[in-house]
Every structure is written in C-alpha cells, then in structure tokens.
Amino acid sequence: HALVLSCAHAMFCHRGRPSPSLSLLLTLSLTARLSTAALSGFDKLITADVAALGNSSAAHADVPERADGWEPKAYLTVEYGAALQPIVNVSVGGQWLRLVFDASSAYAVAFVKEYKACQPGDMSACYSYKAAEEDGDLRVCAENNMAEAVCETRPDRRYLCKKYLKSLKNASAHDDALIIDGLEYYQKSVEAVDSMMLQIEGGKPEIFSWSAVPVRLLTGPMTIPRKPSHISLDLFYGTSGILGASGPTLSCRNTTLWHLLLQRLGAQRFALDFRAPAAAVISDPGPSRIVFNEVDPSFEGKLLWSEPKQTGDMINDG
C-alpha cells in the first residue's frame, strides 16, 4: 500500500497507489521574518512505499541510499508513538515530556496529570502543574478568567499574559479544538507560561532553554465528540502533549516554542527526515530527525517541490 503523509497534521493515512520508492523527506523554506510567518497547512503530500504494520509476508522494499558518513550540524531526534505519531522530547516546567510534532498547530501543549489529561492516566511522563508551581516557573495567564479576553489569532485577540492567577486550579478553561484528518479533537485549555528546554543534536550537541514560554495546559483528555466506529489508531495515547510548528500567527500568543527555537538556530528551512518505524515491513534503519538548514546530500536532485500555497486573505497577509 502507498502511504501518503500529510504534514499539515503529521499523521499517517492510507491512500493512493503503489509507489516505487520511500521518500519521507520534506524541506520547508521559512520566510526571513519568522515573527510573521504563517506556516499554516503545509499540505504537501509525500508518497511512500509503507506496507502494513505487524505480521506480514511482504518482501522488504528497497529504500534510497543515504550519504555515507553525512551527519547534520543541528537536528532534533524523533521517535514514534504507539499510533505512529512523531515524538520529540521537550522539558516543560522541569519535566521531560513526549510531545507530538504537529505542523498544523502553533501551541506547545502539555497534558496535565492532575486532570487525567494523559492517556493512560497513570503514565509517568505527564505534566504535573503542582510540581511546576513548586518549581516556581509556571504562571497562569489572568486572561483565562476575563470574559472579554478571547483566544484567537487576530492581533487584537492575543493574550498578553502580563498578569497571573494564583494557581492553575483558579483558572477557567476555554474550549478549543484540533482537527486531524477530518476528525475534531475537543480540548479544554488554560493559557500559561513556563520554562522549557530541548536538546539539539549534531556536531555540537546543546541544550537550549527559555525561562518563560507560552504553553497551553489541557485540563482534560482530548476527545472526539462524534467518534466514528472505524477509527483504528488511538492518537495521542502514551504522549504528554503537542509541539506545534506552524508559527505564532496561528496562536493567540505572541510567540511559540518552535518560533523561539528557529530564531535561536537562525533557521531558514528545516527538513522532516523520517525513517520507517521499526515495526514496518520496510527496512530503513537509522534515526528519524528534524534537520535544520540542511538536507541529506543523497537527496539532492531527487526532491520534488510543490507550488507555494497562499495563506491568509486580503486582510491577513494574503
């Protein structure tokens, strides 16, 4: 079966027809003005020869040769979750979490342990707001309790988050949703800021840290209000949250973790270099990663670029 990966959701879905080679590499050029770049809905489809997971008698498919000895100077290591979602490790409030990399949303999202937002509810890598408050870096935006404050992407609807509530338990959650492959995932969210860290691998491994980064805290598990009976993948199971990578113009905050990371790296583009999961019939050993400012030399001349997609409208940077 051919696998089409829509990077608008960074999720897997079966479509299309057989394809002769595996290519899970997408390079995205960023605008020089990252603060106004709306990387919404990349919607670039990447076709890959990925056979069914689990037991299968299909022969191993051939995959492109990688450049011998080539190692990128800066990259994020990517793992796969139980539902084949790409996972990166991020520390939020001094707690290392497993966040789903999602190019369709902007927020750094943490599932809150005390509200049973992680699935399963007893998983250890789940964000504890009590531990974060004891650590001293978690601050909950006062706008959560202001009826006139609406969390939208319009510039006049941003949360300034300059005043804070005493605790997360004093905040009123607002309703939101994330649409993935046509399914609407309901969220109960509280806007806050907290310290964050992540490790960049490469020629000179380095841990980047920030003291106050916007974070969306989910005070309940993500649910599908009208869940079809045929859904086979339990998305977000065994994960701690989401790392949104679409840029701050798609959030109600003035910056995002991904935006801050790109600024720190001086990144003008990044490549999603994802290998087939270990359980797949395709044999493609090696690390999956998000590479900054470089592309594996073995892919030069083999990348097929789509036409740029217009974002916004005549009022919003169309």
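Arg-98 forms a salt bridge with Glu-79, their closest N and O atoms being 3.1 Å apart; a salt bridge here is a side-chain nitrogen of Lys or Arg within 4 Å of a carboxyl oxygen of Asp or Glu. The pair links distant parts of the chain, with Arg-98 in strand β7 and Glu-79 in strand β5, 19 residues apart. Helices (H or I, at least four residues) and strands (E, at least two) are DSSP runs, numbered from the N terminus. Arg-98 is partly exposed at 22% relative accessibility, and Glu-79 is partly exposed at 35%. Buried means under 20% relative accessible area, exposed over 50%, and partly exposed in between (1.4 Å probe, protein chains only).

The model is predicted: local features need pLDDT of at least 70, side-chain atom pairs count only at pLDDT 80 or more, and totals for chains, interfaces and linings use all residues. Residues are numbered from 1 along each chain as its sequence is written, and side-chain values use heavy atoms, with hydrogens and water left out.

The structure holds eight salt bridges. Side chains of opposite charge can pair when their charged atoms come close. One of these bridges joins Arg-289 to Glu-71, with 3.2 Å between the closest N and O atoms. This pair, too, links distant parts of the chain: Arg-289 sits in strand β16 (residues 288-292) and Glu-71 in the loop between β4 (45-49) and β5 (75-80), 218 residues apart. Arg-289 is buried, at 4% relative accessible area, whereas Glu-71 is partly exposed, at 48%. Lys-73 and Glu-294 also meet in a salt bridge (3.6 Å, N to O). Here Lys-73 belongs to the loop between β4 and β5 and Glu-294 to the segment after β16, 221 residues apart. Lys-73 is exposed at 61%, while Glu-294 is buried at 15%. A network of salt bridges links Asp-176, Glu-191, Arg-216 and Arg-253.

Turning to the cysteines, a disulfide is a pair of cysteine sulfur atoms within 2.5 Å, and by this rule there are three disulfides. Counting bonded cysteines along the chain, the pattern is 1-2, 3-5, 4-6. Cys-118 is joined to Cys-126, S to S 2.0 Å, and the torsion about this S-S bond is about 100 degrees, so the disulfide is right-handed. Both partners are buried, Cys-118 at 1% and Cys-126 at 3%.

The link of Cys-141 and Cys-161, with sulfur atoms 2.0 Å apart, is left-handed, with -95 degrees about the S-S bond. Cys-141 lies in strand β9 (residues 139-141) and Cys-161 in the loop between β9 and β10 (164-165), so the pair ties together parts 20 residues apart in sequence. The disulfide of Cys-151 and Cys-252 (S to S 1.9 Å) is left-handed as well, at -75 degrees. Cys-151 lies in the loop between β9 and β10 and Cys-252 in the loop between β14 (241-244) and α2 (257-265), so this link ties together parts 101 residues apart in sequence. Cys-151 and Cys-252 are buried.

Strands pair if DSSP finds at least two bridges between them. Four bridges join β14 to β7 (residues 95-102), running parallel, with Asp-102 opposite Gly-244. Three bridges join β14 to β8 (residues 108-111), running antiparallel, with Ala-108 opposite Leu-243. The buried residues of α2 include Leu-257, Trp-258 and His-259, and just after α2, Gly-266 takes a positive phi of about 60 degrees.
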